[in-house]
Amino acid sequence: MKNYFSMDTYENPAEIRFHDTLEQAKAACLECANAAFDEACENGSFDETAFEFHNAVFGVVLGRAVIRTRPTTEEEKEHMIDDNTGKPFEAIALPPEIVE
């Protein structure tokens, strides 16, 4: 898992990008903010675009959500058949949990 992120507000919708280093995250954040700024100045839409600049952020990833699986029991295999393959499911997804 990459340990740093930046928010690309230049994309619509905005997207999170992950980075290996803090320096990469900072550079990506500034690059996206500069691109949005340049476009806003060129198009005269600075008033419409300015509110997005506060969303141009970067930081440290503190955790993530994961979905683990467990093997199906013999009883579950009898009743849980994959419609596409006709074979019993080998695993069941468990509810998401946070991993730090």
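Q: Which residue is the bridge partner of Tyr4 in strand 2?
A: In strand 2, Tyr4 has His19 as its bridge partner. This is a predicted model, in which local features need pLDDT of at least 70, side-chain atom pairs count only at pLDDT 80 or more, and totals for chains, interfaces and linings use all residues. Residues are numbered from 1 along each chain as its sequence is written, and side-chain values use heavy atoms, with hydrogens and water left out.

Q: How do strand 1 and strand 2 pair?
A: Strands of a sheet pair through backbone hydrogen bonds, in either a parallel or an antiparallel way. Here strand 1 (residues 4-8) and strand 2 (residues 15-19) pair in the antiparallel sense over five bridges, where pairing requires that DSSP finds at least two bridges between two strands. Strands (E, at least two residues) and helices (H or I, at least four) are DSSP runs, numbered from the N terminus. The two strands form a hairpin with six residues between them.

Q: Which residues stand opposite Ser6?
A: Ser6 stands opposite Arg17 in strand 2 and opposite Phe58 in strand 3. Strand 3 (residues 58-60) pairs with strand 1 in the antiparallel sense over three bridges.

Q: What is the order of the strands in the sheet?
A: The open sheet of three strands has the order 2-1-3, with antiparallel pairing. Strand 2 and strand 3 are the edge strands, each pairing on one side only.

Q: Where does helix 1 lie?
A: Helix 1 (residues 22-43) lies across strand 1, strand 2 and strand 3, and runs at about 5 degrees to strand 1; axes are lines fitted to C-alpha atoms, for helices over the stretch in contact, with angles from 0 to 180 degrees between N-to-C directions, and contact means heavy atoms within 4.5 Å.
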